[in-house]
Amino acid sequence: MENTTIIEFHHVKKKYDDDIVLDDVTFEMERGKFYTLLGPSGCGKTTILRLIAGFTEATSGEIFLDGKKVNTIPANKRKVNTVFQDYALFPHLNVFENIAFGLRMKKMKQAQIEVKVKEALQFVNLAGYENREIEQMSGGQRQRVAIARAIVNEPDVILLDEPLSALDLKLRTQMQYELRELQKRLGITFVFVTHDQEEALAMSDEIFVINEGKIQQSGTPIDIYDEPINRFVADFIGESNIVQGKMIQDFLVSFVGQTFNCVDQGMKPNEAVEIVIRPEDLEITPTEKGKLKVEIQSVLFRGVHYEINAIDDAGNNWLIHTTKKVIIGEKIGLSFTAESIHVMRHDETEEEFDKRLGAYMEGESNA
Amino acid sequence: MYKVHNKSSSFAKIYLILIFLLLYTPILFLIFYSFNSGGTMGSFKGFTLDWYRDLFKDMRLFLIVLNTFAIAILSSLVATIVGIFGALAIHSYKQRKTRNTLLSLNNVLMVSPDVIIGASFLILFTIGGIKLGFISVLLSHIAFSIPIVVLLVLPKLTEMNPTLMDAARDLGANNWQILTKVILPYITPGIFAGFFMALTYSLDDFAVTFFVTGNGFSTLSVEIYSLARRGISLNINALSAVLFLFTIALVIVYFLLQQRSNLKTMGVRK
């Protein structure tokens, strides 16, 4: 039977001089899925990519590709191909030769190369562009050539280092769909690096949120968006209102001086926690019906919705996304459901978090 | 530059013409008298091709021309190869300080006077027991050409995107393949520029060659010098004219080559 785990990091550390870039990173990636490494610049996500590709060596820890330890295996001996941020296409070669480069290195027969390159070009919708020079191609087309150059080698894993960052918004959205589609058709594992949370949410099977050399949280886009483990994740993925609170007991939480029903459990009684409520989960109501009373400070038209900044009596800021029109200075009520309150414990590790979540999933199914 | 001068164009044109006249008159004067049937450059007596006939009959001179070209081509070939690896080595140093130091050491050789380089080679060869002649001239020409090649190749290397090498390795290329399939093709224009520059430096070098050449071996520039010292003969004029035409031809070829590559990139940018 084929190994379902394709990439495995085991306590990997990476230091540049005294700078710790990756701090004890352990994870597994399954064959045939679309993974995204998401984090701010300098968080270590590109270093993970370079470690998988073999451009750099881990300071300590073990890296496995397809069950084999690859720590000291050079990049040219790994069944991994990369799509670079600046595409890194060879300017002295035309489109055909760029894509054929990897096959030529393998000493493949010319006839076979021609078939494969043609196939790869079709995959990225560039059929007929074989003889173009790289300078003749637009940014989006170069992007496709770079992808074709990677997939033509039929690697186990394709690494994509912020490949969409140089494209304009419309093209980027289109490429997001195409990449996702391509990954499904090919069934190859994609590891995609980005700092764009929307991109990550839209494309991935699973997201690894990384900050300061550590994986903060991993999970499906929905998991991560709905149940952020800590303040960083909540803040980095989407926009959030974060306030300090106290967990009175299971399913009962208090914040901004009031007590609310919630769906979280498994904390100590009266434990100090942080509360996240997404701006789109806040509903504007007349003041008397609202759970919170706030005064509107600013309104920004965002196209799809208004972005409202409001302040409550205790001085907390609330960000609200709504399609309703409101007036600055107006007093309104805010309403939200028990499900839209997300409770985060301070300094909870991913392991503890998963355990607690697992426990209450069981509780739910028993009930 | 041209645009800046556009306004004061008539003055600029006259100035330019004067400068070029000043630069080319001596050469044209020399060539003019190479057709003089009188034996001196004092007065023009009548048209003749005798000096050229003499020139092409002179087997000794012909051998010297061959020597000169052999030295130039061999030395620039070797210097280009050594220079490429030198540039690669300098480029491979990640630290700015080390890189700049090495580059400065390279540049010092470029700017130091030929006389000093020639004298130092002479001392070196004498101590080293190398017989002065073809080998000593070849070695010294190689030596003074290497810094030129390094200087012309290095900018192309710096200009190259380092992720290209990552990409090549990622696609399965080993170090040798990265060098031959990616780096060398990329820096080819720099290599050609370096080779041609080394060629011209070697062809017209006088000072260094004068120091290190020995009995029975001579290059054109040294030969012309000794002919001129022995007394003016219009042979020299004929030889200079031929050399001048040859240089012009080289320049035209170089120009055409450049035009073609320009046209290509312009076509590509459309």
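Two strands count as paired if DSSP finds at least two bridges between them, and that idea runs through much of this briefing. The model here is predicted: local features need pLDDT of at least 70, side-chain atom pairs count only at pLDDT 80 or more, and totals for chains, interfaces and linings use all residues. Residues are numbered from 1 along each chain as its sequence is written, chains are lettered from A and ligands numbered from 1 in the order in which they are written, and side-chain values use heavy atoms, with hydrogens and water left out. Helices (H or I, at least four residues) and strands (E, at least two) are DSSP runs, numbered from the N terminus.

**Strands β11, β12 and β14 of chain A**

- Strand β11 (residues 241–249) of chain A pairs with strand β14 (residues 271–277) of chain A in the antiparallel sense, over 7 bridges. Look for Ile242(A) opposite Val276(A) in β14(A).
- β11(A) also pairs with strand β12 (residues 252–255) of chain A, again antiparallel, over 4 bridges. Here Lys246(A) stands opposite Ser254(A) in β12(A).
- The hairpin of β11(A) and β12(A) has 2 residues between the strands, and Phe251(A) takes a positive phi near 65 degrees in it.

- Strand β17 (residues 306–312) of chain A has 5 of its 7 residues buried, so it is largely enclosed by the rest of the structure. Buried means under 20% relative accessible area, exposed over 50%, and partly exposed in between (1.4 Å probe, protein chains only).
- With strand β16 (residues 292–301) of chain A, β17(A) pairs in the antiparallel sense over 7 bridges. Leu300(A) has Glu307(A) as its bridge partner in β17(A).
- With strand β18 (residues 317–322) of chain A, β17(A) makes an antiparallel pairing over 6 bridges. Ile308(A) finds its bridge partner, Ile320(A), in β18(A).
- Each hairpin has a glycine with positive phi: Gly303(A), near 95 degrees, in the β16(A)–β17(A) hairpin, which has 4 residues between the strands, and Gly315(A), near 95 degrees, in the β17(A)–β18(A) hairpin, which has 4 residues between the strands.

**Nonpolar cores**

- A nonpolar core is a set of buried Ala, Val, Leu, Ile, Met, Phe, Trp, Tyr and Cys residues joined through side-chain atoms within 4.5 Å. The largest one has 59 residues, and those with the most contacts inside it are Ile7(A), Phe9(A), Phe27(A), Phe90(A) and Phe101(A).
- Helix α8 (residues 175–203) of chain B supplies the largest share of this core, at 8 residues.
- Apart from it lies another core, of 35 residues, including Phe34(A), Val95(A), Leu121(A) and Leu126(A).
- Not counting residues up to four places away in sequence, Phe90(A) touches Phe101(A) and Ile134(A) as well as Leu164(B) and Val182(B), among others. A contact means heavy atoms within 4.5 Å.

**Cysteines**

- The structure holds 0 disulfides over all chains, a disulfide being a pair of cysteine sulfur atoms within 2.5 Å.
- Cys43(A) is buried at 2% relative accessible area, and Cys262(A) is buried at 6%.

**Confidence in chain B**

- Over residues 264–270 of chain B, pLDDT stays under 50, and the model has 3 contacts beyond four places in sequence for them. Where pLDDT is low, the predicted coordinates should not be read in detail.

Notes: pLDDT is the predictor's confidence in each residue, from 0 to 100.
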